[in-house]
Amino acid sequence: MTTAVPLQVRDVTVRFAGLTALDQVNFTVDPGTVHAVIGPNGAGKSTCFNVLSGVYRATSGSVRFGAHELTGMPPHRIAGLGIARTFQNLALPPRATVADSLLLGRHRLTRTGFVAAGLRLPSAAREEARHRARVREIAAFVGLEDQLDRPAGSLPYGQQKLAELGRALCMEPELLLLDEPVAGMTADERRRTAAVIAGVRDSLGISIVLVEHDMGVVMRLADAVTVLDFGRRIAGGAPADVQNDPAVIRAYLGEDEPAHAEQDGEQDGEQDGEQHAQRDGEAAS
Amino acid sequence: MSDITDQNQNQKQKQKQNVPPLRAAAKTATRVPRPLTRPGGYGWVAGALLLLALPFYLDTFWLQAGLFAMAAAIGAIGLNLLTGSTGQLSMGHAFFLAVGAYGYTALAGDSEGRYTGLGLPTWLAALLAVVLTGLAGGLFSPIAGRLRGAYLGIATLALIVIGLHVIDNATDLTGGALGREVPALNLFGFGFDRSELLVAGVPFGSAEKLWYVGLALLLGCALFARGVLRGRPGRAMNAIRDHRIAAGVMGVPVARYRAAVFVLSSMYAGLAGVLLALVFQNVTPSQFGMVVSLQYLAMIVIGGLGSVGGAVVGAVFVSMLPQVLTRYSDALPLVATPGTGGVSPGEASAYLYGAAVVAVVLFLPGGLIRLVARRTTMSTSGEKR
């Protein structure tokens, strides 16, 4: 927030034993913008997120956040730079209260260690009270202030997704990576979540990288779009340009070719897609 | 897009107006715990008084059993921090019990005859034994930080084997298979030995005096662990257990936390070992075998994974069961007095808590502590945990 820096992804390649999940991907996220990464299933979107957050190590290429090189950094150091992310599948412990989950987001901003917490030193109590107050503010921002004392697992799915977004916001990030934030939500929840995300960018000035299948949400929120297909960047630019790009239409709807060729191509594509999806699922779980 | 942001800003303004201090105050007021006005509060006070009064009424057998349970509870709290709260399995808990027990014995014991000892003041020896166990845990922590879950469990098996080997061979420190006598605790001139002291007409031997030491240690250990679990480290530990990748992405240094919890857990085991040595007044290798590690795992599973109360309940259950069966073996069907053939009390209790583990896993996930917790949440709604 204080020193807005761009995220630069340069020639990033990720290979898993012969399978190339990302192939020479380039894009830049400008400070204070929403950058959407879209593409069909198995295009490498989640792999891309896992590289950005340090869960996977890129085979080659570089990811720079301002002056920091992120490739090769462990996840907690990347988080320490102010990069937060949410997960495609919920990564929220179901029995912990929403407040406790959000407080986990404060981990990098707090210092209380084992001794201070065990002995309940006044410094630990003060820190806890201060950060609980901030958590309450952030919960109000995403609309969960009344759910703070409830176990996260007892909330409806949409609110759990919001709680995860809130937890990421609790890290006071400069860059927020959102992996399908509105997937599985009702139309009403989608609208509310989209409003929260727009608010994050406009009032907090946080840069956002967004992976999303809901094109309505992408077109409304994104300032720039990168389109991936089979691990390659096939298009990029403003949402309206990308929407009409022939390469994008081809990736989503298939080639305009004779019928038999199209079928073959699609079958192959689906199989590959499934493989990717399985991989992505493993990484997220 | 602009209408969305407008809408959001409106929403935010509304929310800001909706959070006046009034409502926040009303909310916290309902959540303030009133320990003595709710039924649970009287229960705690009565329980504490009962525990304090027990040495005046119970004979040495039961006091020893109770002290054994307290030591086990301290060890189980430590294991529960590691296994229940952080999701790291350890089969090597008995090794750290042994380091604590033998460490105290060697540090406090005198060099006489075939034994070596430093002859330190006993309170200092107890403290150093706990530190020593922490160091032993620290030596293993590079491994404990890198391995997760069941893999760590297998690696820690090695500790048991190494530990028993050292105990058998370093006979000048440990006494080998025969064991070594443990010097009695002496706190600032007050000896916790067999010399009897009359308190209100009741003769106080070592068990009676140690009882209060055990209670104080257990209380301290339980409060410390509870503070850890409810604070920032506890949240990080639970995050590592529930979703390792997410924990790292949230900024928790996973390997460092695993290593730190392993050290803390070993120090709890070390203190438990010191107390065990003081209670038995003799340390032998059979107290620290593989089975003991399994017993501690049984304690936390039966009592409840991840909670301090669960560890204490489970420890009392598992450690008192053989004592109860031994004492009443003549009155119980199917349990024979030791040495007469048939099912001995030790075996019977092993069957019983084996069955208890299965029953808890099947019917009471969350352990015995859930039964207690459910009752209190029913009587005082709104109180958490």
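Guide: Quick ground rule: buried means under 20% relative accessible area, exposed means over 50%, and partly exposed is in between (1.4 Å probe, protein chains only). The model is predicted, so local features need pLDDT of at least 70, side-chain atom pairs count only at pLDDT 80 or more, and totals for chains, interfaces and linings use all residues. Residues are numbered from 1 along each chain as its sequence is written, chains are lettered from A and ligands numbered from 1 in the order written, and side-chain values use heavy atoms, without hydrogens and water.

Visitor: Which residue forms a salt bridge with A:Glu172?
Guide: A:Glu172 is buried, at 18% relative accessible area. The partner's closest atom lies 2.7 Å away, N to O, and that partner is A:Arg134.

Visitor: How many residues apart in sequence are the parts that B:Asp59 and B:Arg327 tie together?
Guide: Their side chains meet in a salt bridge at 3.1 Å, N to O. B:Asp59 sits in the loop between α3 (39-53) and α4 (60-84) of chain B, while B:Arg327 is in helix α14 (residues 308-327) of chain B, so the separation is 268 residues. (Helices are DSSP runs of H or I, at least four residues, and strands are E runs of at least two, numbered from the N terminus.) That's the sequence gap you asked for: 268 residues.

Technical notes
Salt bridge = Lys/Arg side-chain N within 4 Å of Asp/Glu carboxyl O.
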